[in-house]
Amino acid sequence: MDSISSQPLSATALRALFIEQLSILYNAKISLTAYIPGLVKQATFTNLKLALEEDLEDSIRQMIALKTIFRLMQESWLTNSCLGMNAVIDEAFKQVAFDKTKHFESDMSILFYMAVIENLQVGAGKILNLMALKLDYEPYAQLVGECLDMAEDNSGLFHCVAEEYLQYN
C-alpha cells in the first residue's frame with residue numbers, strides 16, 4: 001500500500017482546514033434556517049411543527065456558537081464553501097411539495113429529509129470536534145461539542161416524531 005504522506009499536518013494547515021469545514025457547516029445553517037419556517041407552515045402534524053421550530057431555534061444557537069469560534073480565531077467564514085451541503089439541502093426542500101390531499105406524504109418527506117440533514121450535521125460535527133481537539137484549544141472543542149449535542153438531539157427528535165406519526169397514520 002502506498003503512503004501519500006507520512007508527515008503530520010502542520011498546525012497552520014489544520015487551522016485552515018478547520019476554518020474551511022466550519023464554514024461549510026455555518027453556510028449550511030444559513031440555508032437551513034431560511035427553509036425551516038416554510039416547512040413549519042407546511043407541516044400538518046403538530047409534533048412535527050414543534051420539532052421543526054425547536055430545530056430552527058437550535059440552528060440559530062449553533063450559528064451563534066460557530067460565529068463565536070470564528071471570532072475567537074479572528075477569522076471570517078468562507079462564503080464560497082458549501083456547494084455540496086447546500087445542494088443536499090436545496091434538493092431536500094424541493095422534494096417536499098405540499099399537497100392538501102397528500103399531507104401524509106408531505107409530512108413524511110419533511111421527516112425523512114430533516115433526518116438526513118441532521119445526520120449530516122452529526123457526522124460533520126464529530127469530525128470538527130476531533131479537529132478542534134487536535135488544535136488543542138478547548139473553547140473550539142467546547143462550542144463544536146455543544147453544536148454536535150444539539151444536532152444529535154434533533155436527529156433523535158425527528159426519529160421519535162416519525163415513530164409517533166406512523167402510529168397515528
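Okay, let's start with the rings: Phe45, Phe104, Tyr165 and Tyr168 are joined into a cluster by ring pairs. Before I go on, please keep in mind that what you're looking at is a predicted model.

How many aromatic pairs does a search of the whole structure find? Eight. Let me show you two of those.

One is phenylalanine 18 with tyrosine 140, and that pair is stacked: 5.9 Å centre to centre, with 20° between the planes. If you follow the chain, you'll see that this pair links distant parts of it. Phenylalanine 18 sits in helix H1, residues 11-42, while tyrosine 140 belongs to helix H5, residues 138-168. That puts the partners 122 residues apart. Are these two buried or exposed? Phenylalanine 18 is buried, and tyrosine 140 is buried as well.

The other one I picked is tyrosine 26 with phenylalanine 70. Why do we call this pair edge-to-face? Well, the ring centres of tyrosine 26 and phenylalanine 70 are 6.2 Å apart and the planes meet at 85°, and over 60 degrees counts as edge-to-face. Here too, distant parts of the chain are linked: tyrosine 26 is in helix H1, phenylalanine 70 is in helix H2, residues 46-72, and they're 44 residues apart. Tyrosine 26 has a relative accessibility of 2%, so it counts as buried. Phenylalanine 70 is buried too, with a relative accessible area of 2%.

Okay, let's turn to the surface. Which residues gather in a patch of negative charge there? They are Glu53, Glu54, Glu57, Glu146, Asp149, Glu152 and Asp153. Helices H2 and H5 each supply at least two residues of this negative patch. H5 gives the largest share, with four residues.

Let's pick out one member, glutamate 54, which is found in helix H2. Its relative accessible area is 38%, so glutamate 54 is partly exposed.

To wrap up, then: helix H1 pairs up with H5 through phenylalanine 18 and tyrosine 140, and with H2 through tyrosine 26 and phenylalanine 70.

Key:
Residues are numbered from 1 along each chain as its sequence is written. This is a predicted model: local features need pLDDT of at least 70, side-chain atom pairs count only at pLDDT 80 or more; totals for chains, interfaces and linings use all residues. Side-chain values use heavy atoms; hydrogens and water are left out. Rings of Phe, Tyr and Trp (its six-membered ring) pair if their centres lie within 6.5 Å; planes under 30 degrees apart count as stacked, over 60 as edge-to-face and the rest as tilted. Buried means under 20% relative accessible area, exposed over 50%, partly exposed in between (1.4 Å probe, protein chains only). Patches are made of residues with over 30% relative accessible area and no salt bridge: like charges are joined within 9 Å, nonpolar side chains (Val, Leu, Ile, Met, Phe, Trp, Tyr) within 5 Å. Accessible areas come from the Shrake-Rupley method with a 1.4 Å probe; for residues, only the protein chains shown count as cover. A salt bridge is a side-chain nitrogen of Lys or Arg within 4 Å of a carboxyl oxygen of Asp or Glu. Lys and Arg count as positive and Asp and Glu as negative; His and the chain ends are not counted. The place of a charge is taken as NZ of Lys, CZ of Arg, CG of Asp or CD of Glu.
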